[in-house]
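Me: Please take a close look at one part of this model. I want its contacts first, then how that part sits in the rest of the chain.

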Amino acid sequence: MTNRRVFILQSVIGTSALASGMAMAAAPLVAESDAAAKGLGYAADTTKVDAKKFPKHTNEQSCTNCALYQGKAGAASGGCPLFAGKEVTAKGWCSAYAKKA
Ligand code: SF4
């Protein structure tokens, strides 16, 4: 194997190790100012949702009791498929809210 090949191999292995390490680290929280968050009317605190804009919203609705929420019970935040690579707060809410069965 040439030195160049070894170098490329090491780079690839190094990058994938880094990527898997990053996947294990906690994902950043979704910011309410994110374009995707704005589009879905996401609020980090369900009690701060604009009642005029979302008349069907209630303060009992939050990510923790949403069918899409992937966070562990008791955790302050968790994943949501609508915000890939980021986490939503357990007490957050968005207009795609669907009550967990
Ligand atoms: S879809 Fe559900 S879990 Fe995801 S942000 Fe909206 S309310 Fe929270």
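Reply: Start with Gly78 and its contacts. Leaving out residues up to four places away in sequence, Gly78 touches Tyr69, Gln70, Gly71, Lys72, Glu87, Val88 and Ala90. Contact means that two C-beta atoms, placed from the backbone, lie within 7 Å. This is a predicted model: local features need pLDDT of at least 70, side-chain atom pairs count only at pLDDT 80 or more, and totals for chains, interfaces and linings use all residues. Residues are numbered from 1 along each chain as its sequence is written.

Gly78 lies in strand 1. Strands (E, at least two residues) and helices (H or I, at least four) are DSSP runs, numbered from the N terminus. Gly78 is partly exposed, because 18 other C-beta atoms lie within 10 Å. The scale runs as follows: buried is 20 or more other C-beta atoms within 10 Å of a residue's own, exposed is 12 or fewer, and partly exposed is in between, with C-beta atoms placed from the backbone. Gly78 and Cys63 are 15 residues apart along the chain, and their C-alpha atoms are separated by 8.7 Å.

Now take Val88, one of the contacts of Gly78. Val88 also touches Val30, Cys63, Ser77, Cys80 and Phe83, again not counting residues up to four places away in sequence. Val88 is among the residues with the most contacts inside the largest nonpolar core, and so are Val30, Tyr42, Cys63, Cys80 and Trp93. That core has 15 residues. A nonpolar core is a set of buried Ala, Val, Leu, Ile, Met, Phe, Trp, Tyr and Cys residues joined through C-beta atoms within 7 Å. In soluble globular proteins, nonpolar side chains tend to be buried together.

Next, the ligand. Its surroundings comprise 13 residues, and the closest are Cys63, Cys66, Tyr69, Cys80 and Cys94. A residue counts as near if its C-beta atom, placed from the backbone, lies within 6 Å of the molecule. The shell has twelve nonpolar residues, one polar and no charged ones. Tyr69 is also a contact of Gly78.

Leu82 sits in the loop between strand 1 (77-79) and strand 2 (87-89). Leu82 is partly exposed, because 17 other C-beta atoms lie within 10 Å. Beyond its neighbours within four places, Leu82 contacts Leu40, Leu68, Cys94 and Ala96. From Leu82 to Tyr69 is 13 residues in sequence and 9.5 Å in space, C-alpha to C-alpha.

Ala43 is in the loop between helix 2 (35-40) and strand 1. Ala43 is buried, because 22 other C-beta atoms lie within 10 Å.

Last, the whole chain. Its elements run α-α-β-β from the N terminus. Of its 101 residues, 21% count as buried. The average pLDDT, the predictor's confidence in each residue from 0 to 100, is 85, and 75% of the residues score at least 70. Over residues 6-23 the pLDDT is below 50, and beyond near neighbours in sequence this stretch has one contact in the model.

Terms used
Nonpolar A, V, L, I, M, F, W, Y, C, P; charged D, E, K, R; others polar.
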